[in-house]
Amino acid sequence: MEIGARLQAERKRLGLNQDQFADAVGVSKRTQAAYEAGNTDPSSLYLHSAASKLGVDVLFVVTGVATPRPVEGLSVGEDRLVTQYRSLRENDQQAVDRIVGAMWEMTAREKE
């Protein structure tokens with residue numbers, strides 16, 4: 001598997017299409033497609049942006065060796081949610097916290 005294919009795998013793991021991913025890291029969809037096709041190698045600045053903004057595992061993209069996750073036992077869906085949550089702006093994270101908190105309270109009341 002080459003860098004482009006691993007980059008595509010990371011994008012899919014995050015549940016993003018090329019437009020969403022490209023927009024988040026500040027490149028055009030055409031550039032994103034070229035990276036994933038292996039026509040162009042991504043720059044270190046691009047990889048840094050992808051890691052800091054989206055939680056892309058740069059070690060995996062570059063070498064094929066996944067970075068060990070500090071939290072074990074998460075399902076694929078839970079890991080995706082955590083990664084997506086971390087990429088949100090602070091005010092959006094706060095909104096998610098309020099929504100999930102309200103859902104949890106409703107579920108707790110139903111169990112009583």
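Predicted model: local features only at pLDDT ≥ 70, side-chain atom pairs only at ≥ 80, totals over all residues.

Trainee: Which side chain does Arg 11 meet in a salt bridge?

Mentor: Its partner is Glu 36, with an N to O distance of 2.6 Å. The pair links distant parts of the chain, 25 residues apart: Arg 11 is in helix α1, and Glu 36 is in helix α3 (residues 29–37).

Trainee: And is Glu 36 buried or exposed?

Mentor: Glu 36 counts as buried, at 8% relative accessibility.

Trainee: How many salt bridges does a search of the whole structure find?

Mentor: The search finds four. One of them joins Glu 10 and Arg 13, whose closest N and O atoms are 2.9 Å apart.

Trainee: How are Glu 10 and Arg 13 placed in helix α1?

Mentor: They are three residues apart in helix α1 (residues 3–13), which means that about one helical turn separates them. Glu 10 is buried, with a relative accessible area of 5%.

Trainee: Changing topic to helix α7: where do Arg 109 and Glu 105 lie in it?

Mentor: Both lie in helix α7 (residues 90–111), four residues apart, or about one turn of the helix.

Trainee: What are the relative accessible areas of Arg 109 and Glu 105?

Mentor: Arg 109 has 53% and is exposed, whereas Glu 105 has 42% and is partly exposed.

Definitions and conventions: Residues numbered from 1 in each chain as written. Heavy atoms only, no water. Helix = DSSP H or I, 4+ residues; strand = E, 2+ residues; numbered from the N terminus. Buried < 20%, exposed > 50% of the residue type's maximum accessible area, 1.4 Å probe, protein only.
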